[in-house]
Amino acid sequence: MKTLTIGKESWRNLTTNYSHWLTFMLLMIVAIIVSPSFLSWNNITNQFVQGAVVGICAMGMSLIISAGMIDLSVGSSVALISALGVSVINDQHSLLLGFVFCLVAGVLVGLINGLLVTKGRIAPFIVTLATMSAWRSVINQLGQGGPFTVDKTMYASFRNIAAGRFLGIPHLMVFFIVVSIITGILMSKTKFGTYVYAIGSNQQAARLSGINVNRVKTLIFTYAGTLYGLAAFLLASRLTSIQAASAGSGYEMDAIAAVAIGGTSMDGGRGKIVGTFLGVLMLRIINTVLIMANVPPFLNGLVTGVIIIMAVLAQSRRKGK
Amino acid sequence: MILEMKNISKSFGPVRALKDVSFDVQGGEIHGLLGENGAGKTTLMNVLAGTFPQDLGKILINGKEVFGMTPRKSNALKIRFIHQELSLCNDLKVYQNMFLGEEYNKSWRIDKRKEIDRAQEVLDSMNTGIDAALIVSDLDTAQKQLVEIARALLFESELIIMDEPTTALNSQEIEKLFSIMTALKKRGVSFIYISHKIPELFSICDRYTVLRDGAFIQTGFFRDINEHQATELLIGKRFVEARLREGRPSPVQEEIVLKASDICGLTFRNISFSLHKGEIVVFTGLQGSGTDELATSLFGATKLESGTVENRMGILDMRDIRHVMQSGIGMIPRNRKERGILPDLSIRNNNSMAFFVAKHSKLFISRKEEIQRFERSKERMEIKVSSDLDPITSLSGGNQQKVILSRWLELDSDIYVMDNPTQGIDVGAKFAIYKLVVELAEQGKSILFFTSEYPEIQQLADRCFVLYKGEVSAELSRGEFSEEMIMAYSTGTQREMQK
C-alpha cells in the first residue's frame with residue numbers, strides 16, 4: 001500500500017515537472033512514424049531555422065508571462081523594427097549599424113511597454129494591445145502598404161547572416177540556442193530570475209520582501225524588447241523584404257503558445273525556460289506533421305488552438321490537486 | 001432547527017484542519033464556538049455552509065442527513081454564514097448586496113422598489129439608521145458588519161453563523177447586536193457565535209464547544225465554567241501558565257534605536273514614539289484604528305503623509321522599502337497568505353528572498369550558500385520540512401510563518417516590525433514565535449509588535465500603545481496594563497468616561 005502511494009506521488013512529480021519533456025517525446029514519436037526521415041540532420045536544422053525568430057521572441061514572452069503579465073505587441077514590434085532596420089541598412093550601408101539600431105529600437109519598444117505598465121499603471125493586456133495596433137499602423141504608413149526591401153549592394157552580405165552556417169550549423173539555430181541558454185541562466189541562476197517568479201507568484205509579498213516590483217517589470221519588458229530587436233534583425237536578413245501589413249503577424253500567438261505548451265503557468269510564478277525552448281520546437285513539429293499528413297494548411301491554427309487549450313487544462317488540473 | 005455535525009474531518013494538502021470533530025446546536029440556542037486562530041472553527045463552519053466538502057463525517061439537520069452540501073443548499077436550509085472578513089461588494093448598494101443571488105423579480109427584471117422597502121424594513125428593525133439605497137463603500141466597518149447581519153435576517157434564517165462579528169464594533173454597538181440576537185433567539189433562531197472575546201461569550205452564549213489544533217476538546221454550558229477555565233480550554237493549560245518574561249531581567253537599554261516624530265498616514269495621525277535597544281513595544285487597536293497602516297508605514301510600504309522616522313543613520317527615506325531594509329529594519333507582514341508567502345516558489349527561495357534584495361551582491365546565486373542558509377534557518381526555527389525544494393505551500397501554516405520569520409532574521413536587522421505574526425497558526429508555533437521575540441530582544445534587537453490579542457500583549461510587551469480612531473489613546477508600561485483597560489482604550493469607552 002505504502003509503496004503504491006509513493007509510486008503514485010513520484011509519478012505525479014514526474015508528470016508535473018517534466019510534462020513538457022513527455023509531450024515533446026510523444027510528438028517526436030508521432031513525427032517519426034509519419035515521416036521516418038524526420039530525424040535527419042537536414043530536417044532537424046530546418047526545424048530550428050523555421051522556429052528561430054519566433055523562438056527568440058518566445059524567450060522574452062516567457063519572462064513576461066512568468067511575472068504574471070502578457071505581451072500582445074510582439075508581431076507588430078518585430079515588423080516595425082525590422083522594417084526600420086532594413087531602411088537603416090539601405091541608408092548607411094552598414095550591417096553593424098543596422099544590428100545596433102535593431103537592438104536599441106527593441107530596448108525602446110520594450111521600455112515603452114514597461115513604463116506604461118508600471119508608471120502608467122495600465123494592465124499589460126491593454127498597454128500591449130495599444131502598442132500592437134500603434135506599431136502596425138506606423139509601419140503601414142511608412143511603407144505606404146508596400147514592402148521594405150534590402151538594396152542589391154547589401155543583399156548578399158545581409159542575407160548571409162540568416163542563411164549562413166557555422167560548422168555546418170545554421171546561424172539562426174545558433175542564435176536561438178544561445179539566446180535560450182542565456183535566458184535560462186538568467187532565470188535559474190540569478191536574483192533577477194527569482195524576482196520574476198516571485199512577482200508572478202505573489203506581487204504583494206514580493207514587494208514586501210523589498211523587491212522593486214516596478215523596476216523588475218520594466219526590466220522584463222526591456223529584456224523582451226531587446227530580444228524582439230534581435231529577432232527583427234534576423235527576420236529582415238532571412239526575408240530580405242519586409243511586408244508592412246503582414247510581417248511578424250501571428251508571432252504573439254506563436255510565442256504565447258510556445259510558452260503555454262512549455263508548461264509555464266499562465267497566472268505567472270511557475271515555468272521553465274527549457275519548457276519554452278521545447279514549446280517552440282513542438283509548435284514546429286506539429287506544423288510539419290500536419291503538412292506531411294496532408295492536413296489542409298487552413299486547419300493548422302485549429303490544431304494549435306486545441307493544443308494550447310489542452311496544455312493549459314493540464315496545468316489547471318494539476319493545480320487543483 | 002437542530003443541527004448535528006458528526007465526526008467531521010478535513011485536510012488541505014498535508015495540513016489536517018479538522019480531526020474527527022463532532023458538534024451540535026439546538027433550536028433557539030446561542031452556541032459559542034471557541035478556539036484560537038487556526039483551531040479549525042472557520043473550517044468547520046465553511047463545511048457547514050458548503051464552501052467546501054468534508055473529507056469524512058456527516059451533517060444532520062433535524063435528524064436528516066444532508067449530502068453534498070453547497071452554499072446554495074445551505075441557504076435553502078436557512079443557514080446563513082456571516083464571514084469574518086466582510087463579503088460585501090463595495091461598489092453595489094446596500095439593498096443590492098442584501099439580495100445578492102436571491103433577487104426579487106418582477107417578470108424579467110429586478111423588483112427594485114420591493115427590495116429597497118424590504119431591506120429598509122429589516123435595517124430599521126435593527127435600529128441601524130442605515131439607508132438601504134447607499135453605496136456600500138460609503139459605510140464604515142461597523143455599518144458594513146450590521147448590513148451583513150441584516151442580510152442574514154432578511155430571509156428569516158433559522159441558523160446564523162457569526163464569525164467574529166464584534167471586532168469592528170464599539171461597546172454600544174455590541175450591546176445593540178446582542179439585544180437583536182436575544183430577540184431572534186426568542187423566536188427560535190439559533191446562532192453559532194465565534195469570538196475570541198471571552199467576556200462576550202459569557203454574556204451572550206448558552207453552550208460552548210472548544211476546538212484546539214483541529215480537534216474537539218470539550219463541550220458544555222457556560223454557566224458551569226468561569227473565564228479562567230475557558231482560557232485554559234482555549235489555549236491549553238501549559239500555555240496559560242507559561243510566563244515567558246517573568247523571572248528574566250529586562251533587556252531594555254538606554255540607547256534609542258528608532259524615533260518616529262509626528263507621523264501621519266491616511267488612517268492615523270500625529271504618532272510619536274521612541275524605541276529603545278532590546279525593547280518590545282506592542283501596538284494594538286481594533287480593526288480600523290490605524291494599526292494596519294502604521295505597521296506598513298514604518299517599513300516604507302505605505303506612504304507617510306508627514307512626519308519623520310530616524311535611526312542612528314539619520315532620517316530615513318520611507319518611500320523606498322529596500323533603503324529601509326538596508327537601514328536595519330525588517331518586517332514580518334500580516335496576513336501570510338496575501339503578503340508573506342510566494343506560493344509558487346520553493347521553501348529555499350522563500351527563505352532567501354529578503355537577503356537577495358538587501359545584501360546579495362554577486363552575479364549568480366550559489367546553490368551551496370542558499371542550502372547552508374536554509375539549514376541554518378531550519379535549525380534556529382525548528383522548521384519541519386522534508387525537502388527545501390518543495391513549494392512553501394506544502395508546509396503547515398506555522399511552518400510557513402517560521403520560514404517567513406527566518407527570511408527576515410537572515411538580514412540581521414536591528415529592528416523588526418512584526419505585524420500580527422501569529423495570525424492563523426497553531427498554539428505550539430505561536431509560542432515558538434513568542435520565545436523567539438523575547439530572545440531577539442535579549443540579543444539587543446528591538447521589536448515593534450502589532451497585535452490585537454491580549455495574551456500576546458501580556459506575554460511580550462515592555463510598553464503598549466493603544467490606538468483608537470488613528471490616535472494613540474494610551475501608552476501603558478508593563479505592569480500597568482490589563483485586558484479590560486486595553487479594551488476600554490481601544491473602544492474609546494475610556495475617553496467617553498473621562499468626558
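This is a predicted model: local features need pLDDT of at least 70, side-chain atom pairs count only at pLDDT 80 or more; totals for chains, interfaces and linings use all residues.
Trainee: In E22(B), which residue is the bridge partner of Val466(B)?

Mentor: Residues are numbered from 1 along each chain as its sequence is written, while chains are lettered from A and ligands numbered from 1 in the order in which they are written. Strand E21 (463-468) of chain B runs antiparallel to E22(B) and is joined to it by 6 bridges; strands here are DSSP runs of E of at least two residues, and helices runs of H or I of at least four, numbered from the N terminus. In E22(B), Val466(B) has as its bridge partner Ala474(B).

Trainee: Which are the edge strands of the sheet in chain B?

Mentor: The open sheet has 6 strands with mixed pairing, in the order E18-E19-E20-E15-E21-E22, where two strands pair if DSSP finds at least two bridges between them. From one strand to the next, the twist averages 15°, with angles running from 0 to 180 degrees between the N-to-C directions of axes fitted to C-alpha atoms, for helices over the stretch in contact. Pairing on one side only are the edge strands E18 (329-332) and E22 (471-477) of chain B.

Trainee: At about what angle to E20(B) does helix H16 of chain B run?

Mentor: Helix H18 (483-491) of chain B packs on the sheet, touching E15, E21 and E22 of chain B, and its direction makes about 35° with that of E21(B); contact requires C-beta atoms, placed from the backbone, within 7 Å. Helix H16 (427-442) of chain B lies across E15 (280-285), E19 (415-419) and E20 (446-450) of chain B, and its angle to E20(B) is about 150°.

Trainee: Which helices of chain A each supply at least two residues of the side that touches chain B?

Mentor: The contact draws 19 residues from chain A and 24 residues from chain B. The helices of chain A that each supply at least two residues of its side are H9 (191-201) and H10 (203-208).

Key. Two residues are in contact if their C-beta atoms, placed from the backbone, lie within 7 Å.
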